[in-house]
There are 2 protein chains.
Amino acid sequence: MTLNTSGYLPHIAYDSVIFGFSGEKLKILLIEYHNTGWLALPGGFVKVNEPLDEAVKRGLRERTGLDQIFLEQFYTFGSLERVKPEIMKKILTAHDKDISDDHWLLDRFISVGYYALIDYDKVEPTPDALSDSINWYDVDQIPELLFDHNFIVKKALDHLRTHLDEKLLSVNLLPERFTMKELQQVYEAILGEKLNRANFQRKMLSLGILDRHEKLYSGGSHKAPYLYSIKKKG
Amino acid sequence: MTLNTSGYLPHIAYDSVIFGFSGEKLKILLIEYHNTGWLALPGGFVKVNEPLDEAVKRGLRERTGLDQIFLEQFYTFGSLERVKPEIMKKILTAHDKDISDDHWLLDRFISVGYYALIDYDKVEPTPDALSDSINWYDVDQIPELLFDHNFIVKKALDHLRTHLDEKLLSVNLLPERFTMKELQQVYEAILGEKLNRANFQRKMLSLGILDRHEKLYSGGSHKAPYLYSIKKKG
DNA sequence: TACTATTGTTTCAATCAGAAACAATAAACT
DNA sequence: AGTTTATTGTTTCTGATTGAAACAATAGTA
């Protein structure tokens, strides 16, 4: 028989890898726990009568203020090594709570990994109750994270790379309208390699899902690029 | 606080889609619950101190007798609609158990989906404690299943199709040594379409991961095909 | 008006993929 | 033994796709 007075499902968590793109770099959001300096992925728990997807959306909404964002599940982590109750206890006591040794947060957890793609400039990251801060970090300079979170980031990046071409996934990292160069920079940041400009343009246009709009006169002394957007269905 | 006298983690289950190949058809294993006629995927629960992957392997071992098999996680199902406590209750009472209304099996569950690829001829399917029988069903003739299991099968097939080419995944459905024709039949069964023989052979050989062995003299009045196996690393 | 930086497009060659033809061969049949 | 048949292994031809470079257009600057 199962009792749980917290209102959350025990043993089940989620961790979210939130990708943004800025300054030609791919970045993710990391939180820092109160008074510990420990970094981790933003995560959370599932309410007793809440769909899993909804729980993750709720966490994203609270931390980014965004509601309609690209979100996808990529893997569920269920090993025993990932669980470190003594660390969890330190986090909770650093938060200056009175924690009993059988608190539900000290149990073993299975965590569902999600990744989100968001428009960096639309976000004002907000820390949650347990964390001091939430900040962007370059994906190629991720420091040591708690638990198995470095591994989770790696899996998320793998998944993102292999699914990059599906319906121009990557545009979720850009504003509504973008130049071909920006799109290529997103691809290059995710794949970690330079792409040929002419072939990239040919490939993107051949997908037939981009609308071309007015030109963007940036003031540079050169030809102005077109702006593009994803073609609306219908 | 969480109490659970069953020895299993509450709220967490797995469902396995076990693929086999026989008679040029792709098949999966389904169980039939005691005295109900209801069909479902073979699934199970995770022990309190057991890795998730290990729990799934344990279930496969008990039902197929096989130990070293290809097994991969593909999605975690966490909606609320998938939960049907009244059906679960009927299954348990049909098993003629005395079930209280707060039994842990009647709670809401999140289920991790795995698929396995096994050599059909090596398996003697064995029903578990709750099921009358376990049998093979053609994937293109799956009857109505309990809960969201039809959806889970669909997701598993999608995943299998899109990952089919990775390291010749499909050979896990065949014996150690196989002919090129058998391999092509597996591909065709999974993809649900006919492939060009010459191009298929060229593509498989170009991967450079097949060893060619002696010919297979089947007695037919025609050229004997070579046998192949996956190249061992090193 | 020439110059520069960047963008959009075209061209050329190399590679890959689909379809058909060709070659080889194990057994059966005369 | 020679012929036939079914199937397998390979090659060839063609068209499509991809990679790299050249070419063309253009917004601002000198």
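**Reading a protein–DNA model**

Reader: How many Å is a base oxygen of DNA strand C from a polar backbone atom of Lys223(B)?

Author: A polar contact is a pair of N or O atoms within 3.5 Å; within protein, one must be able to donate a hydrogen and the other to accept it, and residues adjacent in sequence count only if both atoms are side-chain atoms. Here the base oxygen and the polar backbone atom of Lys223(B) are 2.9 Å apart. This is a predicted model, where local features need pLDDT of at least 70 and side-chain atom pairs count only at pLDDT 80 or more, while totals for chains, interfaces and linings use all residues. Residues are numbered from 1 along each chain as its sequence is written, chains are lettered from A and ligands numbered from 1 in the order in which they are written, and side-chain values use heavy atoms, without hydrogens and water.

Reader: Which residues around DNA strand C come nearest?

Author: A residue is near a strand if one of its heavy atoms lies within 4 Å of it. There are 24 residues around DNA strand C, and Arg197(A), His222(A), Arg202(B), His222(B) and Lys223(B) come nearest.

Reader: Is Ser170(B) buried or exposed?

Author: Buried means under 20% relative accessible area, exposed over 50%, partly exposed in between (1.4 Å probe, protein chains only). Ser170(B) is buried, because its relative accessible area is 1%. Its place is in the loop between α3 (149-162) and β8 (178-179) of chain B. Leaving aside residues up to four places away in sequence, Ser170(B) touches (heavy atoms within 4.5 Å) Leu164(B), Leu183(B), Val186(B), Tyr187(B) and Ile190(B).

Reader: What is the order of the three strands in the open sheet of chain B?

Author: Two strands pair if DSSP finds at least two bridges between them. The order is β8-β10-β9, with antiparallel pairing. β8(B) and β9(B) (210-215) are the edge strands, each pairing on one side only. Four bridges join β9(B) to β10(B) (residues 226-230), and the bridge partner of Arg212(B) in β10(B) is Tyr228(B).

Key
Helix = DSSP H or I, 4+ residues; strand = E, 2+ residues; numbered from the N terminus.
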